Amino acid sequence: MGAQKKGATARVSEDQEELARNPLQAILLADSFATTFRPITLERPKVLLPLVNIPMIDYTLAWLESAGVEEVFVFCCAHSKQVIDYLESSQWSSQPNFSVTTIESHNSISAGDALRLIYERNVIHGDFVLISGDTVSNMSLTQVLQEHKERRKKDANAIMTMVIKKSKPSPITQQSRLGTDELFMAINPVTKQLLCYEDKAEHSKGFISLDKTLIADNPSIILHNDKQDCYIDVCSQEVLSLFTDNFDYQHLRRHFVKGLLVDDIMGYKIFTHEIHSSYAARIDNFRSYDTISKDIIQRWTYPFVPDILCGSSAIKVERQGAYRASDVTLSRSAHIGSFTFIGQGTKIGNDTKISHSVVGEGCTIGSNVTIEGSYIWNNVTIEDGCQLRHAIVCDGVIMRSGAVLQPGVILSFKVVVGQQFVVPAYSKVSLLQQPTQQDSDEELEYADNTSGTGELRSDKLNGDIATDLSETAYELGTGGVGYIWSVFEGAQDEEWKHSVAPIPTDKLVKLMLDKDEDEEQLTQDGNVLSASGELKADSDDNGSEDDDNADSRDDYGFFEKEVEATFLRAVHENVKVDHAVLEVNALRLSYNMASVDCAGAIFYSMMKLAVESPHHSASELHRNAADIITKWQKLLKSFLHDIDEEIEVILKFEEMCLESAKEFAALFPQILHLLYDKEILQEDAILRWADEKEGADESDKVFLKSSEKFVQWLKEAEEEDEDD
């Protein structure tokens with residue numbers, strides 16, 4: 001479904017006077033030159049895969065248009081005909097003041113080849129934006145363009161500005177929330193010049209090697225491992241000519257960026273531009289596909305969200321982040337949970353439960369089906385009694401009754417899973433046989449043999465595929481059709497690290513134990529860096545306090561959303577409390593939060609669920625809260641270790657009663673009493689909170705006054721204990 005242009009996607013405010021007289025141009029790479037989305041990309045290009053039911057490339061083009069770009073050159077290679085046909089039939093072929101031109105190649109095998117070909121075409125006439133068609137953003141380009149142009153006026157060697165964003169990697173998995181490896185960047189905090197870029201650090205050694213001349217030439221360097229490369233670059237024309245002059249440059253980061261950073265002859269420089277409140281992320285693997293889908297559904301990418309891109313009349317946003325098309329057929333006994341998208345023409349049967357999932361158009365889902373954390377594309381048939389958890393199911397797939405997809409499964413186009421068959425975790429299943437090699441250019445060999453919808457032509461590369469499939473149908477049970485691909489040797493860890501499924505508890509525990517051993521070894525060896533990453537202790541820290549505060553708020557917002565999603569998944573899947581504690585702890589370490597932050601986010605999630613659960617009176621709302629608190633009290637208590645942390649929970653509840661959950665305002669004393677009865681809050685915490693409120697303004701004492709009787713009762717009980 002193509003994105004439709006609506007008024008709500010009005011251009012991000014830009015200062016047109018600051019833009020160059022030449023139209024602002026962009027190069028969009030519609031080929032990732034990678035194999036991370038196989039087997040799906042053997043039949044359809046990655047940029048046309050649906051992201052919350054909209055092709056990825058539409059998010060990229062909608063953002064470029066809104067940001068003031070006027071000319072986009074889309075480079076197509078693998079499955080180029082599919083990309084060209086889609087763009088020619090879409091809205092992008094006829095937008096005023098926004099032209100989209102395709103450049104086709106049949107033999108390019110890298111981004112370097114693509115940029116060399118574009119240079120030969122002589123279509124870029126000034127500074128340009130370089131981006132891939134799997135990137136989602138809502139940032140304004142005004143400031144980064146201005147910074148780039150100002151630098152160029154002073155230094156002609158400043159040829160590139162990379163957009164980055166704060167994103168703390170998990171200290172357990174050493175991955176970002178997008179499933180990408182921990183990234184190390186050395187940046188001059190004054191000039192923002194990039195001095196080192198390492199995405200494959202040797203963690204076992206515990207250090208990064210930097211050229212001593214960098215420290216000699218830069219009064220201050222900060223080594224970051226908390227930055228995310230957004231893969232949005234503002235480039236000067238010299239970038240294209242450098243690729244033409246250096247055929248060794250194939251990969252944008254591994255070859256080009258690193259090559260310039262170590263080249264002390266030409267003197268070219270790369271700078272960084274950090275965004276704070278805006279969104280920008282690239283879909284690099286299945287985990288980032290899952291993460292970015294969730295971010296879109298939770299509206300971090302606004303205005304590039306389904307109801308606006310598709311049109312508010314076609315998609316309605318309901319409570320708890322549920323999106324539903326206008327013509328969905330839904331049984332009364334079916335339950336559509338939070339953060340879920342249901343596409344047009346889909347039919348859902350009796351007692352089926354769907355949550356934290358995306359279901360595309362024209363799907364038929366039977367009765368007693370459970371779908372959790374999964375992505376169901378278009379025209380999929382799921383018969384009665386099937387179970388799907390954290391899986392991707394492509395167009396035209398049929399799941400026979402009682403079939404089960406374990407976490408991490410990928411079913412490519414038109415696969416058929418037999419009755420009662422259980423597809424093992426992390427399996428990749430396709431109608432196409434598995435290539436014997438893993439070369440990225442093999443995508444090209446398949447490109448002209450499929451229509452993008454799973455239709456196989458008679459001249460398929462692997463011969464009479466229908467005959468082969470019938471001989472191996474047993475792989476997917478009775479009536480099943482498809483090949484279960486084997487995992488290449490040494491790639492097992494990559495499957496669960498980059499999957500749409502949460503990392504299994506046993507893997508997290510093992511990683512934690514391994515990390516403890518590594519830290520013990522590093523402690524014995526001694527650290528070479530301060531915790532801040534500052535390489536020179538007497539240099540000035542030019543970071544803005546306001547920026548730090550914005551980062552902190554931004555981080556906590558993401559963290560709170562992640563905790564809420566984790567809590568809701570625990571509720572809907574009946575996850576054991578101990579496992580939920582482990583998952584929240586992993587998030588705490590990933591976002592560098594404290595236990596009290598976890599407690600606040602968990603309490604917020606609990607009370608929000610109570611408000612959003614059906615109720616028609618204050619007493620029913622109180623009962624909702626009591627049921628949830630009673631069931632999940634152990635989870636909340638796991639992150640409350642002292643009186644101060646308990647007081648923070650009371651303050652969090654006050655904040656909710658004033659802002660996000662005002663229905664609880666009248667119930668504040670009763671909920672406070674409930675938390676005391678369940679031994680979540682100690683008597684001392686409540687009394688200290690009351691004492692601290694005594695000197696506050698009257699407007700800050702509203703909930704203290706409403707709780708006076710309960711507080712007085714606690715004081716009297718305390719006095720009686722002292723008398724005894």
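This is a predicted model: local features need pLDDT of at least 70, side-chain atom pairs count only at pLDDT 80 or more; totals for chains, interfaces and linings use all residues.
Salt bridges are taken up at the outset. The structure holds 22 of them. One joins the side chains of Lys149 and Asp127, with an N to O distance of 3.5 Å. Lys149 belongs to helix α4 (residues 142-154), while Asp127 sits in the loop between α3 (111-121) and β6 (128-132), so this bridge ties together parts that are 22 residues apart in sequence. Lys149 counts as buried because its relative accessibility is 18%, and the cut-off for buried is under 20%.

A further salt bridge pairs Glu564 with Lys608. Their closest N and O atoms are 3.0 Å apart. Glu564 lies in helix α14 (residues 545-573) and Lys608 in helix α16 (residues 595-612), so the bridge ties together parts that are 44 residues apart in sequence. Both Glu564 and Lys608 are buried.

The closest N and O atoms of Glu692 and Arg688 are 3.8 Å apart. Arg688 has a relative accessibility of 36% and therefore counts as partly exposed.

Salt bridges also form a network, which links Lys46, Asp134 and Arg282. Arg282 has an aromatic contact as well. It lies over the face of Tyr231, at 4.9 Å from the ring centre.

Aromatic pairs come next. A search of the whole structure finds 15 of them. In one, the ring centres of Phe567 and Trp632 are 5.5 Å apart and the planes stand at 75°, so the pair is edge-to-face. Phe567 is in helix α14 and Trp632 in helix α17 (residues 618-637), so the pair ties together parts that are 65 residues apart in sequence. Phe567 is buried, at 3% relative accessibility. Trp632 is also buried, with a relative accessible area of 3%.

Phe603 and Phe653 make another edge-to-face pair. Their ring centres are 5.5 Å apart, and their planes meet at 90°. This pair links distant parts of the chain. Phe603 lies in helix α16 and Phe653 in helix α18 (residues 643-658), 50 residues apart. Phe603 is buried, with a relative accessible area of 0%. Phe653 is buried too, at 1%. Both rings belong to one aromatic cluster, formed by Phe603, Phe653, Phe664, Phe668, Trp689 and Phe703.

Two packed helices are described by the angle between their axes and the distance between the axes. Helix α19 (residues 668-677) packs with helix α20 (residues 683-694) at an angle of about 145°. The axes of α19 and α20 are 10 Å apart.

Thr272 lies in strand β13 (residues 269-275). Its relative accessibility is 5%, so Thr272 counts as buried. Leaving aside residues up to four places away in sequence, Thr272 touches Arg151, Thr161, Met162, Ile164, Ile187, Lys192 and Leu194.

The backbone includes cis peptide bonds. One joins Arg38 and Pro39, with omega at about 5°. Pro39 sits in the loop between β1 (25-29) and β2 (50-51). Another cis bond runs from Tyr302 to Pro303, where omega is near 10°. Pro303 is placed in the loop between α8 (286-297) and α9 (306-309).

Positive phi values occur at residues other than glycine. His79 has phi near 55°. This residue is found in the loop between β4 (71-76) and α2 (80-89). His79 is buried, with a relative accessible area of 2%. Phe339 has a positive phi of about 50°. Its loop runs between β18 (335-336) and β19 (341-342). Phe339 is buried as well, with a relative accessible area of 9%.

How values were computed: Residues are numbered from 1 along each chain as its sequence is written. Side-chain values use heavy atoms; hydrogens and water are left out. Axes are lines fitted to C-alpha atoms, for helices over the stretch in contact, and angles run from 0 to 180 degrees between N-to-C directions. Helices (H or I, at least four residues) and strands (E, at least two) are DSSP runs, numbered from the N terminus. Buried means under 20% relative accessible area, exposed over 50%, partly exposed in between (1.4 Å probe, protein chains only). Contact means heavy atoms within 4.5 Å. A salt bridge is a side-chain nitrogen of Lys or Arg within 4 Å of a carboxyl oxygen of Asp or Glu. Rings of Phe, Tyr and Trp (its six-membered ring) pair if their centres lie within 6.5 Å; planes under 30 degrees apart count as stacked, over 60 as edge-to-face and the rest as tilted. A charge sits over a ring if NZ of Lys or CZ of Arg is within 6 Å of the ring centre and within 35 degrees of the ring normal.
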